[in-house]
Amino acid sequence: MPFRPRVPSPGRRTVLRGSLAVPAALAVPVLGPAAPAFARSGRPDAAWGVQVGDVTSSTALVWVRSDRPARMLVETSATESFRRPRIWHGPLLGPGTDFTGTTPLHGLPAGEQVHYRVTLADPEDPRRTGRPVYGTFRTAPARRRDGVRFVWSGDIAGQGWGINPDIGGYRVYDEMRRLDPDFFLCSGDNIYADGVIEPSVTLPDGRVWRNVTTVEKSKVAETLAEYRGNFRYNLLDDNLRAFNAQVPSVIQWDDHEVRNNWYPGQILDDVRYAEKNVDVLAARSMRAFGEYFPVSTLRRSNGEGRVHRVVPHGPLLDLFVLDMRTFRNANSPGRQADDTTGILGAEQLKWLKRALSKSRAVWKVIAADMPLGLVVADGATDFEAVAQGDPGAPLGRELQIAELLRHIKHQRITGTVWLTADVHYTSAQHYRPERAAFQDFAPFWEFVTGPLAAGQFPANALDRTFGPDQVFVKSPDRANVSPMETPSLFGEVDIDGVSGELTVRLREQGGSVLFTKVLQPGRVGQ
């Protein structure tokens with residue numbers, strides 16, 4: 001049975017908090033083995049919806065995908081009537097980008113709701129256009145008193161838990177959308193390119209989890225086409241496409257966009273892969289990643305080609321998006337007494353120190369794709385993140401983080417907060433020098449959440465090098481607990497425009513707030 005995604009068209013109530021109509025449940029339980037077939041009308045079709053990324057007070061990046069060659073046209077308006085729209089001529093979409101493309105918007109009004117619609121035109125006959133696809137977003141405020149609120153999480157379609165029509169697909173996106181945040185930060189693992197999605201999985205209690213399936217999710221991704229298919233998979237979900245039409249995104253990547261625990265230069269010993277060179281796989285994934293997400297620093301025209309960046313969001317917030325994957329050294333026991341590469345690479349560390357020193361925002365949120373003090377193993381002897389379980393002085397990748405934390409203290413950089421996902425449970429850690437082996441830093445908080453749509457796992461051990469105190473944790477007592485058995489997890493950050501206070505809420509699907517912490521502005525340490 002062919003499957004045609006339904007694309008939401010936000011109306012007047014879209015811009016009101018929690019008012020967009022709930023998308024219908026997925027129309028079919030299982031697709032395949034063929035990829036979804038779209039109806040051919042002779043006109044370009046944008047059935048995969050729209051996205052907006054990296055929104056600032058005056059700029060945004062609009063994304064769309066066509067089903068055939070097409071010219072992208074974007075119209076923006078202050079109202080839904082589009083009576084006097086501003087017109088933006090976008091690129092020609094073709095097979096070189098898997099028919100995806102982005103159009104940059106600039107000169108937008110600060111702190112305003114922007115309505116937009118994307119129309120695809122036949123490049124041979126501009127009069128032949130497809131049905132417009134609508135979306136909306138808010139630009140970052142120019143005034144402090146307007147406040148900022150966003151949600152964050154990660155880990156989607158992992159451990160074999162894909163789009164399940166029996167439970168309405170990725171319903172957590174509908175819940176996050178109803179909170180009407182200014183943007184969504186995805187902390188990585190947007191896909192699981194190394195994870196197969198089977199038609200069904202039997203749970204420990206005997207229930208059966210059913211997945212929507214596609215050809216590209218029937219094996220590990222190796223080719224560019226397979227990576228592209230992995231990024232398309234999540235867009236089959238009605239909830240996610242409705243979310244994308246209303247909530248802008250800030251996207252970073254981690255390991256599962258390529259394969260589990262990868263690092264540059266790695267040669268695989270994995271019978272599932274014909275291509276053993278991880279650098280080849282990573283290049284293919286990065287190309288597809290840049291095609292399927294509106295990331296300002298990955299646009300081909302600007303030539304930057306990197307994930308790490310600063311996304312300013314008004315006077316209250318600068319978001320520092322890290323890439324802890326592309327420039328790291330090899331996973332190892334992590335006991336080196338000298339390590340200039342670390343998890344960020346030398347150049348990214350210099351960039352981050354400069355950017356933090358230049359920032360005048362009240363809050364500097366550091367979006368990390370891996371935690372700092374949680375021990376994440378890679379096999380029996382190696383480690384995947386920063387910590388390696390030795391509670392003494394910094395060694396290995398910890399040396400680089402120690403240098404960064406020392407810089408923040410000595411430069412008296414105020415308002416730093418760390419957010420991440422990755423470990424498939426939620427927790428809050430407070431780091432203090434009085435408890436630490438390394439003490440030349442100011443106290444700070446790290447908040448962990450996720451997964452959105454993947455298995456949940458027991459909590460990891462803490463490494464005491466930087467003195468973490470785990471003041472909250474919620475995790476299961478067994479590995480790979482499905483989204484049918486436990487609620488999905490995400491976090492919310494709310495910065496008050498009057499007081500400047502930053503409130504973090506660790507949430508679970510269903511409306512529950514599991515943990516809340518309020519931080520005060522203007523402090524080097526918290």
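Guide: Arg259 and Asp270 form a salt bridge, with their closest N and O atoms 3.2 Å apart. Arg259 lies in the loop between β13 (249-251) and α4 (278-292), and Asp270 also lies in the loop between β13 and α4, so the pair ties together parts that are eleven residues apart in sequence. The model is predicted.

Visitor: Are Arg259 and Asp270 buried or exposed?

Guide: Buried means under 20% relative accessible area. Arg259 has 11% relative accessibility and therefore counts as buried. Asp270, at 13%, counts as buried too.

Visitor: How many salt bridges does the structure hold?

Guide: As a general idea, side chains of opposite charge can pair when their charged atoms come close. The structure holds 36 salt bridges. One of them joins the side chains of Glu216 and Arg232, at 3.0 Å from N to O. Glu216 is in the loop between β12 (208-210) and α2, while Arg232 is in helix α2, so this pair ties together parts that are 16 residues apart in sequence. Glu216 is buried, its relative accessible area being 15%, and Arg232 is buried with 13%.

Visitor: Which salt bridge does Arg287 form, and how far apart are the closest N and O atoms?

Guide: Arg287 pairs with Glu291, and the closest N and O atoms are 3.3 Å apart. Both residues belong to helix α4 and are four residues apart, about one turn of the helix. Arg287 is partly exposed, with a relative accessible area of 35%, whereas Glu291 counts as buried at 6%.

Visitor: Which residues are linked in a network of salt bridges?

Guide: Arg149, Glu492, Asp494, Arg505 and Arg507 are linked in such a network.

Visitor: Now the sheet. What is the order of the seven strands?

Guide: In general, strands of a sheet pair through backbone hydrogen bonds, either parallel or antiparallel. Here an open sheet runs β14-β15-β16-β19-β21-β20-β22, and its pairing is mixed. Its edge strands, β14 (309-312) and β22 (468-474), each pair on one side only. From one strand to the next, the twist averages 20°.

Visitor: How many bridges join β20 to β21?

Guide: Five bridges join β20 (residues 426-431) to β21 (residues 444-448), and these two strands run antiparallel.

Visitor: How many residues of helix α3 are buried?

Guide: Helix α3 (residues 238-246) is mostly covered, with nine of its nine residues buried. Among them are Leu240, Phe243 and Gln246. The buried residues of α3 pack against the strands β1 (50-53), β6 (113-122), β8 (133-138) and β10 (183-186), and against the helices α1 (171-178) and α2 (224-234).

Visitor: Which residue caps the N-terminal end of α3?

Guide: Asp237 does, with a side-chain oxygen 3.1 Å from the backbone nitrogen of Asn239.

Visitor: One last residue. Where is Pro126 found, and is Pro126 buried or exposed?

Guide: Pro126 is in strand β7 (residues 125-129). Exposed means over 50% relative accessible area, and Pro126 counts as exposed because its relative accessibility is 59%. The C-alpha atoms of Pro126 and Ala70 are separated by 9.1 Å, and these residues are 56 residues apart along the chain.

Conventions:
Residues numbered from 1 in each chain as written. Predicted model: local features only at pLDDT ≥ 70, side-chain atom pairs only at ≥ 80, totals over all residues. Heavy atoms only, no water. Buried < 20%, exposed > 50% of the residue type's maximum accessible area, 1.4 Å probe, protein only. Contact = heavy atoms within 4.5 Å. Polar contact = N/O pair within 3.5 Å; in protein donor to acceptor, adjacent residues only side chain to side chain. Pairing = 2+ DSSP bridges. Axes fitted to C-alpha atoms, helices over the stretch in contact; angles between N-to-C directions. Salt bridge = Lys/Arg side-chain N within 4 Å of Asp/Glu carboxyl O.
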